[in-house]
Amino acid sequence: MTLGIIGCLAGFVVMVFFTYRGWHIAVSSLAGSLIVVLFNGLSVTSAYLESYLPGMGGFLSTYFGQFLFGALLAEMYSATGAGLTVALGISGFFIRDSLSPGQKRKMVIFVLIMISAALEFAGVGASLIVMVIYPVALSLFQLANIPKKYIVAGILGGCLGFGNDLPGSPQPGNTIPMNILGTSSAAGLVPGLIGAVAEIFAMVFLLDAVIGRGVMKGEEFHPETDLDRELEEERDRPAMWKALLPVAVLFVLFNIAGLDINLSLAVTCIFCAAIFYPYFPGRDIKSAAARGITQGTVATVSICAVIGFSTVVQGTEAFQSIVDSLVGLKINPYLLLILCVAFMCMLCGGSATGQAIALPIVGPIVKAAGVSAGAIHRIASFAGAILDTMPYAGTVVMAHAYAVVKNSTEVLRGDRPEGNVVVIGGGLVGCETALHCDETAKSVTIIEMMDKILATVDDSANNMMSLRDAFARSNITVHTQSGFRRRSCWEAME
């Protein structure tokens, strides 16, 4: 039995390790499942055909529509500029020039949370909100002079925060407990609202404290390198009232009419496509739909793979012994629920996956201790947001990659060289790297095969003038129309 328990834990470790090393979660979950099977003496074929695949299929049949339609809504809000309208409208309402620097920082964090919540209540998938609001977040960070290194925390604090857990939310953090416990979307309404307010205050003041320490050390926003996305404020996009209409439609369908979340999201998608149609670039709604379907399918398959792994684990005697040990613990049932859900979300790297695994196991135990289904629902929703943002979590990895907080070199993480540096490629990332190196390196040389650096970047982009000014003030040497060979690299550093 001890070997089996070790195998279950080792399986989780293997799955997390492979995922963190860049393997797709489908491969990682299979590797982890194999470890569990071998340590527990199970049949590989039976575990795959009778546990792993049925586990994936069960989750897929229940939640595929929700992730698919959420991704479609995200793509529509992004492609038409409706998401930009919501973001600019909310930020313009709250942020004033008269605010002090400290007040501006707090207000920027608060505004990002509110923008994310508004889009989540419109049905936009939480993990895809990053791509919708990132350009606005950049602009707000520049306005408040907040170092870009904190931008992922600011965005994820909103889209993975209270908007995902709030009573009435159409997001998986609220709908998964509904399906498992048979509760309503507004279960635990008053505690949920109180928890949301507490979460907002904690997020704003804690993140502001961290940012404040960085600012005191001299950290700041660098427009010449940090503005890597253009904010297209002048593009033709829906008005604010039109951009928020889907929020009202989805809220009425899901929370008042009581329609199934899949049907509610499907109708909202059709409604969005109709009212946003004139704003699709070239009115090409087919391409937007294709991108949304791809994103939704990838997200669902990733979560299904983790569910398949958990189903293999649940089929072992070792896992049952763990459950029996939990039942025998003399611990407050509320604390037991929080610990189990939060720990599972940490292991799985996501609140939706963690809740889907933990609630069927711990829910009956807690309910037998006298806790109502509504209380279990709301506590589990908030517990799922405690440890779901570990470094290996899919949304966190995607957000860092999209925000270019970490690029292909280690330079931008603070390890700046002091010798001679050669940067291969004069695109946006190459120029950004060169500017960072120029602060400490003896010499910096860019080798670019085209006739100029930044050749593929639009000269009308908002950040281009400041970027070129930064190069004019630097000591960087640029070799254009140059190929790269080992010899030319050494020659460039002479």
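Visitor: Let's start with R283: is it buried, partly exposed or exposed?
Guide: Partly exposed, because its relative accessibility is 49%. Keep in mind that this is a predicted model.

Visitor: And where is R283 in the fold?
Guide: R283 sits in the loop between α13 and α14. Its phi is positive, about 50°, although R283 is not a glycine.

Visitor: What about N145, what is its phi?
Guide: N145 isn't a glycine either, and its phi is positive at about 55°. You'll find N145 in the loop between α6 (129–143) and α7 (151–159). With a relative accessible area of 35%, N145 counts as partly exposed.

Visitor: Okay, helices. How far does α13 reach from end to end?
Guide: From first C-alpha to last, α13 (residues 261–276) reaches 22 Å, close to the 22 Å expected for its 16 residues at 1.5 Å a residue.

Visitor: Which residues of α13 are buried?
Guide: Quite a list: I261, N262, S264, L265, A266, T268, C269, C272, A273, I275 and F276. Those buried residues pack against α3 (44–80), α4 (82–94), α9 (172–181), α12 (240–256) and α14 (285–314).

Visitor: What goes on at the start of α13?
Guide: There, a side-chain oxygen of D260 comes to within 2.9 Å of the backbone nitrogen of N262.

Visitor: And α5, how does its span compare with what you'd expect?
Guide: It agrees: α5 has 21 residues (101–121), so at 1.5 Å a residue it should span 30 Å, and its end C-alpha atoms are 30 Å apart. Just after α5, G123 takes a positive phi of about 95°.

Visitor: Switching to charges. How many salt bridges are there?
Guide: The count comes to four. One of them pairs E75 with R291, with the closest N and O atoms 2.8 Å apart. E75 is in helix α3 and R291 in helix α14, so this pair ties together parts that are 216 residues apart in sequence.

Visitor: Is E75 buried or exposed there?
Guide: E75 is buried, at 9% relative accessibility, whereas R291 is partly exposed at 40%.

Visitor: Which residue does D208 pair with?
Guide: D208 forms a salt bridge with K106, and their closest N and O atoms are 3.1 Å apart. That one links distant parts of the chain too, with D208 in helix α10 and K106 in helix α5, 102 residues apart. D208 is buried at 7% relative accessibility, while K106 is partly exposed at 27%. There's also a network of salt bridges that links R105, K106 and D208.

Visitor: What about E219?
Guide: The E219 side chain meets that of K149 in a salt bridge, 3.3 Å from N to O. E219 is in the loop between α10 and α11 (223–226), and K149 is in the loop between α6 and α7, 70 residues away.

Visitor: New topic: which residues make the nonpolar surface patch?
Guide: L3, I6, L34, L38, F39 and V44, covering about 540 Å². L34 is found in α2 and is partly exposed at 40% relative accessibility.

Visitor: Last one: what does T183 touch?
Guide: Beyond its neighbours within four places in sequence, T183 is in contact with P177, M178, A373, G374 and H377. The side chains of T183 and H377 are joined by a polar contact of 2.6 Å. T183 is in the loop between α9 and α10 (189–216), and it is buried, with a relative accessible area of 16%.

How values were computed
Residues numbered from 1 in each chain as written. Predicted model: local features only at pLDDT ≥ 70, side-chain atom pairs only at ≥ 80, totals over all residues. Heavy atoms only, no water. Helix = DSSP H or I, 4+ residues; strand = E, 2+ residues; numbered from the N terminus. Expected span 1.5 Å × (residues − 1). Buried < 20%, exposed > 50% of the residue type's maximum accessible area, 1.4 Å probe, protein only. Contact = heavy atoms within 4.5 Å. Polar contact = N/O pair within 3.5 Å; in protein donor to acceptor, adjacent residues only side chain to side chain. Patch = residues over 30% accessible without salt bridge, like charges linked within 9 Å, V, L, I, M, F, W, Y side chains within 5 Å. Areas by Shrake-Rupley, 256 points an atom, 1.4 Å probe, with all protein chains shown as cover.
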